[in-house]
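Student: I have a model open and want to learn how to read its surface features. Can you take me through them?

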Amino acid sequence: MKQDTICALATPPGGAIAVVRISGPDAVAITGSIFSKPLDKAEGYSLHFGQIKDMDGKELDEVL
């Protein structure tokens, strides 16, 4: 059975805060590619403050 990496909103759209869930075998690599800090050596079940960046490195938003 193949495992997919998925990303989905976990809260209703339109609110001030959004929770996005990403899970699967490539979740850390995909999230790390747009997060301002390296996540590959981050402890599991931990919280990290940083920024999400676009493909050009422009900051889009602050995230936890």
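This is a predicted model: local features need pLDDT of at least 70, side-chain atom pairs count only at pLDDT 80 or more; totals for chains, interfaces and linings use all residues.

Student: What volume does the largest pocket have?

Tutor: A pocket is an open set of points on a 1 Å grid over the protein atoms alone, with protein on both sides within 12 Å along at least five of seven lines. Its volume is the space filled by probe spheres set on the points, joined across faces, edges and corners. Here the largest pocket has about 1,100 Å³.

Student: Which residues lie nearest its centre?

Tutor: Val 20, Ile 22, Thr 31, Val 63 and Leu 64, out of 28 lining residues. Lining residues have an atom within 4 Å of a point. Helix H1 (27-34) is among the elements giving two or more residues; H1 gives the most, with 5.

Student: Where is Leu 47 placed?

Tutor: Leu 47 sits in the loop between H1 and strand S3 (50-53). Leu 47 is exposed, with a relative accessible area of 65%; exposed means over 50% (1.4 Å probe, protein chains only).

Student: Which side chains meet in a salt bridge?

Tutor: Side chains of opposite charge can pair when their charged atoms come close. The cut-off is a side-chain nitrogen of Lys or Arg within 4 Å of a carboxyl oxygen of Asp or Glu. Here Lys 41 and Asp 40 meet at 3.9 Å, N to O. Both are exposed.

Note on methods
Residues are numbered from 1 along each chain as its sequence is written. Side-chain values use heavy atoms; hydrogens and water are left out. On a 1 Å grid over the protein atoms alone, a cavity is a set of points where a 1.4 Å probe fits but cannot get out, and a pocket is an open set with protein on both sides within 12 Å along at least five of seven lines; lining residues have an atom within 4 Å of a point. Helices (H or I, at least four residues) and strands (E, at least two) are DSSP runs, numbered from the N terminus. Buried means under 20% relative accessible area, exposed over 50%, partly exposed in between (1.4 Å probe, protein chains only).
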